[in-house]
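Open the model in your viewer and get ready to select residues one by one. Each stop says what to pick and what is there.

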Amino acid sequence: MSRVLWGGATSASQYEGGFTDGKGLDTQDCRPYLPRTSNATTQTRLLTQALIDEAKDPNSKQFYPFRVGTKGYEYGLQDVALLKELGLDVYRLSISWSRLFPTGEEVEPNPKGVAYYDAILHKLHDAGIKIFVTMNHYAIPLAIVEKYRGWTNRKTIDLYVHFAEFVLGKWGDIVDYWLPFNEINAGYFSPYNGVSLVKPADAGYDYDDVFKSLHGQFVANAKTVQIGRKLGVKGTFGAMVSCFCYYPLTPSPEDNLELVKDEEINQWYCMDILSKGYYPYYAQPFFDQHDVTFEITDEDKRLLRDYTCDFVSFSYYSSSICTVQENQSQTAGNLVVTTKNPYLKASEWGWQIDPVGMRTTLHKVYDRYNKPVIISENGFGARDTLEADGAVHDQYRIDYFKAHFDEILKAKEEGVDVRAYIAWGIIDIVSAGSCEMAKRYGVVYVDADNEGQGSYKRYKKDSYYWYRDFIKNEAAKEELS
Ligand code: BG6
């Protein structure tokens, strides 16, 4: 088996900015910066129409961090040079749908958007860095949401496919890995991010809308794979979920059963469909219980069966606990809230740090799907300090990397077919959960604060040098073996 490839990632809305250059308003552009409360990660479960109306008002006094990102639209080519010097094997980036098709309904793409991605993707290719493209990382053109109610309407499948067909046709010869949807299971636990569901302030969670929208994404995913195969693109296709490595709070049979059920719907549901090609046995009983009644046509079933993913991938930041017991102390995780685990330390944002959980997850994912595995996101969200001499001493991030990389390499030795590890937010970006700049993942520091003040200059952190040496050593080990 070949060695693990070591990578880094960003997403368009968290990184690019370049809000006005022909780009249309998208759903992430409407999220204001709100100073953090004790549980900021739940802010975007459902965004209200009132917040969106305010975002559309040119006189709004709010700051919208995703309109600025960390100015990748301006610094992109310089950033690729930094990634090359870092020795990265693979870079994951996403394409902004509304930068190419501002309302989603244009026939021809915005030429400035095409030129931006063309320059970045070719520079990466020329640098010998493998390219991993996420086609949809949370943001969709706002016009599609307002006109069609987004993924609840099958029209959105056609619009997405038009976008995907353009991207595949244009860059199919240089992209190595394709991911139609970021963390597709986020549609379930964070519907605004995942499936762009907007609600009036007083409405609750609507299971039918959520599962109908997810179905729309599954069909769009299958059609994208179908087009890619027809065009004979070079890259392979993946599916991605956010994984949480569940533990039962106690050895009680009830807690353990709760774990199995939580895992099914939160974690495996989407991947079961995209990887195995059919709805799992537990779906219909769950639908019956929650009044989910959307239609699955025979043609949908055929597409799902014939166009499954080539590799499976997952994000992993922290583990979670399942229990039937109420009133446990809670803590935050990736767009979710979970019970505190007394055996683990947590980040300032409450995300529990669990490297062994990464190894466990690798085993579980490989065992369940038996396809090559890519860890498409992982990293440590922390507050960094830029010193007067331009240094950033982030030993805590190096410790986090070391601990997780050890477990990944052990899983590989234990037989899991791990192909790549991709460090999240390799260049600092705006946090997706809390809209803050203060929560940083990068090995490259970007001088900007929560309100968009700063020079946006780039600085190499201590973790940059550590990761560079680590990648070099891993490559050298392979050459010797
Ligand atoms: C994943 C997302 O959910 O977690 C990323 O795909 C996000 O977009 C990452 O940035 C980390 O979450 P946060 O809230 O710390 O930015």
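**Stop 1: the cysteines**

The structure holds zero disulfides. A disulfide here is a pair of cysteine sulfur atoms within 2.5 Å. Such a link is a covalent bond between the sulfur atoms of two cysteines.

Before you go on, note that this is a predicted model: local features need pLDDT of at least 70, side-chain atom pairs count only at pLDDT 80 or more, and totals for chains, interfaces and linings use all residues. Residues are numbered from 1 along each chain as its sequence is written, and side-chain values use heavy atoms, leaving out hydrogens and water.

Buried means under 20% relative accessible area, exposed means over 50%, and partly exposed lies in between (1.4 Å probe, protein chains only).

Now pick cysteine 322. Cysteine 322 counts as buried, with 1% relative accessibility.

**Stop 2: strand β7**

Select residues 236–243. This is strand β7. Strands (E, at least two residues) and helices (H or I, at least four) are DSSP runs, numbered from the N terminus. How many of the eight residues of β7 are buried? Seven are, so the strand is largely enclosed by the rest of the structure.

Two strands pair if DSSP finds at least two bridges between them. Strand β5 (residues 177–179) runs parallel to β7, joined by two bridges. Find tryptophan 178: its bridge partner in β7 is phenylalanine 237. Then show strand β9 (residues 311–316), which pairs with β7 in the parallel sense over six bridges. Here methionine 240 has serine 313 of β9 as its bridge partner.

While the strands are on screen, remember one rule. In a regular strand the side chains alternate between the two faces of the sheet.

**Stop 3: two positive phi angles**

Select tyrosine 138. Look in the loop between β4 (130–134) and α6 (142–148). Phi of tyrosine 138 is near 70°, a positive value in a residue other than glycine. Is tyrosine 138 buried or exposed? Tyrosine 138 is buried, with a relative accessible area of 6%.

Finish at asparagine 327. This residue sits in the loop between β10 (320–322) and β11 (330–333). Asparagine 327 is exposed, at a relative accessible area of 78%.
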